[in-house]
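Hello,

Here is the structure I promised to pass on. My notes follow below it.

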Amino acid sequence: MVNGVANMTGVENTKEWFTREGMADIDRNAQVVVDLSIEIEASQEIVWRIQTGVEQWPNWQKDITQVQLSGPIAKGSTFWWETHGLEIVSTILEIDPMKRIVWGGPAHGIDGVHVWSITPTPKGVLVHTTESWDGPPVAADPDGMRAALTASLNAWLAALKSTAESLQRTSAKE
């Protein structure tokens, strides 16, 4: 585990982040960009709570084994997490409560930026995720990295859907 995670401020990740239309964005020129969506029959509030409850991720995502958040879910806060045996430190780059969260940072030579949006629909919400990866490990195997990222995000979306819809059903019964 990363020592001193509670003292991290995000200053370590001082690179200029990408913006589009005044909002934090992925690197649209990165070697790997994956863009996926899923419809979830649950309220925006439930999906937002699950997605931004980062310290609870290991409870519903089998690939994430540990998470520690440095402060509140707010711009500039950092969180340390372990997925697929890799330790990652991400900085929250932007947050629009109930609608959008963006985080990113370098991990193992990969510069990653991840955008999540939650849009209400007549039956629940549409969750859209876009992530970019760039850096030497990506350049060495862009097709393999794209496949790995796509599989990881599809698993994340499926787990989010299952968890949110289950919680929605439980909430409706109460």
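From the N terminus on, the elements run β-β-β-α-α-β-β-β-β-β-β-α-α. That is 4 helices and 9 strands. Both are DSSP runs numbered from the N terminus: helices are H or I with at least four residues, strands are E with at least two.

This is a predicted model: local features need pLDDT of at least 70, side-chain atom pairs count only at pLDDT 80 or more, and totals for chains, interfaces and linings use all residues. Residues are numbered from 1 along each chain as its sequence is written, and side-chain values use heavy atoms, with hydrogens and water left out.

Chain totals next. Of the 174 residues, 45% are buried (under 20% relative accessible area, with exposed over 50% and partly exposed in between; 1.4 Å probe, protein chains only). Take the contacts (heavy atoms within 4.5 Å) with a separation of 6 or more: 55% of them join residues 24 or more positions apart.

Now Asp25. This residue lies in strand S2 (residues 23–25). Its relative accessibility is 5%, so Asp25 counts as buried. Its side chain makes a polar contact with the side chain of Arg28, at 2.9 Å. A polar contact is a pair of N or O atoms within 3.5 Å; within protein, one must be able to donate a hydrogen and the other to accept it, and residues adjacent in sequence count only if both atoms are side-chain atoms.

The contact includes Ile46 and Ile50 of H1, and Trp156 and Leu160 of H4.

Best wishes
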